[in-house]
Amino acid sequence: MGNQKCPHVHIPPPGPESKRLQKRSDDILLGVSLIGGHPPNHFVSRYRDGWFIEDVDGNRYLDWITGWASAPLGGNHPELIEATVKGLHDYGTECLSALRVEHQWKLAEKLHAIAPPPLTKVVYDTTGSEVVENAVRIMREAAGPSRPFVITFLGSFHGGNYGTAAMGPHNAHYNHSIEPFMSGWINVPFPTCYRCPYHLNYPACDIACLGYIEEMILKYKATPDSIAGVNVEFIQGENGVQIPPPEWPKRLYDLCKKYDWILYNDEVQEGVGRTGKWFAIDHYPGVEVELLSLGKGISGGLMPLACTLGSDRMSEPAGKLYTGGTFAGNPAACLMATKLLEIIERDKVLDNVAEIEKIAKAKFGAMKDKYEIVGDVRVLGAYMAIEFVEDKDSKTPAHDLTREIVYEMERKGVVPIYEPAFNYFRPTPALNQPPELFALGCDIVEECIAGVSRQFAKGIA
Ligand SMILES: Cc1ncc(COP(=O)(O)O)c(C=O)c1O
């Protein structure tokens, strides 16, 4: 590893200072935001340093959370901080969303240059939940009042407010006690092939889950001309990085063409390089969307920023609506995001993502072959999940084992995205994390899986 910093845990987390501050935070902060309670990584962080998080007890962890996948260049990239400060100096502390500001269209021009056709225009928002709701409002406005329905996919996560929470929905627990939501969503199955809802196998299944739309929905629920369009995350992120069969996106697109449905792509999590290309849709030639949203990554993890790219046809309906809000298109955020895209190009960050992908496929793939409890490994670019089961035959979700492995990883200095309600975790490195550091993290994962397998599981595969 040369002079590269490494994870270093000298006091088992949470250490005494973390515990003291945890108590203080529990006393004053309302609720816990994660389903299933706090994750293991409940140390109190003090500092983000490149690819590491440091806690208040002096431990250093390899950061595989990256602010819920919002920091593509790690924790404190100096050029992003510099660009933000310049934006603040240029425009002061007034957000100026009511006025036209050069930084907004410079970023829009840059996004247009990298976006696939027919996406030509940009509208700003502040958060992912907001941008998704507004994109769907634009879609409905474009489709007109005779098309009140929107098709969305079970298990997708589009946000936490009353519109987006109903769109996937992602998980029944998220919606506990807070129904009724607004109506109009038609939730259909996503190709979660490791756990196929029909217990079929790809490719023999001929993607039966997509057939559900024509065979069931159009027959029993809604006529084709009452549907405005489809909202899709091509790869479901929060649902454990569910990667569809390669032809599924094109078949979905063809269905939209057939019925004149507007195809909208929520790339809040997968956009800006996470999958190894600028946009996830770039993996699927021949598929075009008329609306595509970015959030998380475009913010650099630093300045709340989200936006929707739209086709020319979407411009008039978008202009009729009030979208955005007070903080949309903050000039300092736009300047920072333009710099972020320049750095990704200049430093060939997508090539680095390809290296990360190779390592993840090789190392996690080998763990899947070796350990009975590793049920599935899903990787595309730096987007990945490892799913744990009691044994490969039954595929029974192994929640306790997953939690134990994540605890052990934390004790050895690696923290992934993980929520205790799920039997998977998601290593989410910065896109520019050095491959050898990422590989070190994978080796630590293997140590933890091996240890937990020896102690609790039914053995080695
Ligand atoms: C695909 C997708 N859309 C929308 C959102 C909501 O974004 P935010 O948390 O910024 O509201 C998320 C957040 O995880 C997401 O993954």
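I began with Pro180, which sits in the loop between α6 (164–167) and β6 (185–188). This is a predicted model, and I kept that in mind for each entry below.

Entry on Pro14. I then turned to the segment before α1 (16–28), where Pro14 has its place, and noted that the peptide bond from Pro13 to Pro14 is cis, with omega near -5°.

Entry on Asp260. Moving on to phi, I checked the loop between α8 (248–259) and β8 (262–266), which holds Asp260; the phi of Asp260 is near 60°, a positive value in a residue other than glycine. Is Asp260 buried or exposed? I wrote it down as exposed, because its relative accessible area is 51% and the cut-off for that class is over 50%.

Entry on Lys348. Which value does phi take at Lys348? I read it as near 50°, again positive, and again in a residue other than glycine. Lys348 belongs to the loop between α10 (331–346) and α11 (349–370), and with a relative accessibility of 54% Lys348 counts as exposed.

Technical notes. Residues are numbered from 1 along each chain as its sequence is written. This is a predicted model: local features need pLDDT of at least 70, side-chain atom pairs count only at pLDDT 80 or more; totals for chains, interfaces and linings use all residues. Side-chain values use heavy atoms; hydrogens and water are left out. Helices (H or I, at least four residues) and strands (E, at least two) are DSSP runs, numbered from the N terminus. Buried means under 20% relative accessible area, exposed over 50%, partly exposed in between (1.4 Å probe, protein chains only).
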